[in-house]
Amino acid sequence: MATIMDGKALAAEIDKTTTVRIQRLADQGIIPGLVVILVGDDPASKIYVRNKERRAKKMKINSIVRNLPDTISEADLIKIIQTYNENPTIHAILVQLPLPAHINEFNVTNAIAPEKDADGFHPTNIGKLVINHTEKTPIACTPQGIMSIFNAYHIDLDGKKAVVVGRSTIVGKPMAALLVNANATVTVAHSHTHNLSQLTREADILVVAVGIAKYIKEADVKSGAVVIDVGMDRDVNGKLVGDVDFAEVERKASYITPVPKGVGPMTITTLISQTVALAEWSSEKNG
């Protein structure tokens with residue numbers, strides 16, 4: 001049976017360290033400021049934003065949620081982002097995705113100042129990640145949280161064969177870059193990949209982010225693999241499950257993340273930690 005990688009417990013440990021950093025900033029008269037912009041009424045997005053706000057308030061950072069109608073124009077949304085770019089009390093800006101169809105996601109992401117990019121999605125920050133020049137650079141929170149899990153469980157990535165199933169800018173692409181930077185040999189698979197199961201069965205490290213409940217079965221996994229499940233899905237009974245069939249794969253993997261209490265808590269913890277880092281970097285630059 002696999003060792004279950006407890007993201008909730010690890011997140012709590014990281015939060016303790018982050019709390020110390022927040023107090024250190026408070027002693028300098030600095031309160032980290034995070035603004036989350038939510039456009040429209042997407043139910044899943046509202047839940048994510050609410051969870052982020054709760055954690056931010058618990059950690060005593062200045063958290064602002066800006067709810068905007070789904071009828072807002074792209075130009076007006078970008079103007080709002082610019083006001084936060086220019087606000088010295090706001091250190092981190094996050095625009096919750098997805099956006100309404102009439103708004104260009106790239107233009108909005110590009111409008112956020114790179115040094116205030118809480119999600120690490122700005123082209124400048126993605127570029128720095130790809131060339132492995134990441135000092136004082138924000139990185140996508142879910143992949144960065146996964147790297148923290150690897151570190152906490154002493155998972156050696158050097159020379160390992162890693163397969164990332166999913167190629168989103170939110171998870172798949174930055175995850176692949178982080179694994180490459182850690183000297184893993186990485187394959188990115190997606191909906192157009194032929195013989196997917198053949199690829200996943202060769203993976204020492206398997207990261208799954210496809211958004212399909214229980215997509216990866218025992219037969220798709222190499223014996224002794226480390227399996228990271230990024231999915232947050234509902235099964236036919238409405239139960240929260242991941243992209244990996246946990247009951248099956250747990251028998252074959254050496255390590256596995258559960259859903260819930262796996263990657264999810266680490267994403268929010270990493271967002272808060274990164275917000276604090278952006279405040280720290282800003283104070284160094286302006287101090």
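Colleague: How many helices and strands are in the protein chain?
Modeller: The protein chain has 10 helices and 11 strands. Those are DSSP runs, numbered from the N terminus: helices are H or I with at least four residues, strands are E with at least two. This is a predicted model, where local features need pLDDT of at least 70 and side-chain atom pairs count only at pLDDT 80 or more, while totals for chains, interfaces and linings use all residues. Residues are numbered from 1 along each chain as its sequence is written, and side-chain values use heavy atoms, leaving out hydrogens and water.

Colleague: What radius of gyration does the protein chain have?
Modeller: It is 19 Å, which agrees with the value near 19 Å for a compact globule of 287 residues. The radius is taken over C-alpha atoms, and the globule rule is 2.2 Å times the number of residues to the power 0.38. The C-alpha atoms fill a box of roughly 50 × 40 × 35 Å along the principal axes.

Colleague: And what share of the residues is buried?
Modeller: Of the 287 residues, 48% are buried. Buried means under 20% relative accessible area, exposed over 50%, and partly exposed in between, with a 1.4 Å probe and protein chains only.

Colleague: Switching topic: is Thr-200 buried or exposed?
Modeller: Thr-200 is buried, at a relative accessible area of 1%. You'll find Thr-200 in helix H8, residues 196-200.

Colleague: What does Thr-200 touch?
Modeller: Leaving aside residues up to four places away in sequence, Thr-200 touches Val-163, Val-165, Leu-206, Ile-216, Asp-220, Val-221 and Lys-222. A contact here means heavy atoms within 4.5 Å.

Colleague: Where does Glu-13 lie?
Modeller: Glu-13 lies in helix H1, residues 7-26, and counts as partly exposed at 46% relative accessibility. Glu-13 and Thr-269 are 256 residues apart along the chain, with their C-alpha atoms separated by 9.8 Å.

Colleague: What about Thr-124 and Ser-223, how many residues apart are they?
Modeller: They are 99 residues apart along the chain, and their C-alpha atoms are separated by 39 Å. Thr-124 is in helix H5, residues 123-130, and is partly exposed at 37%.
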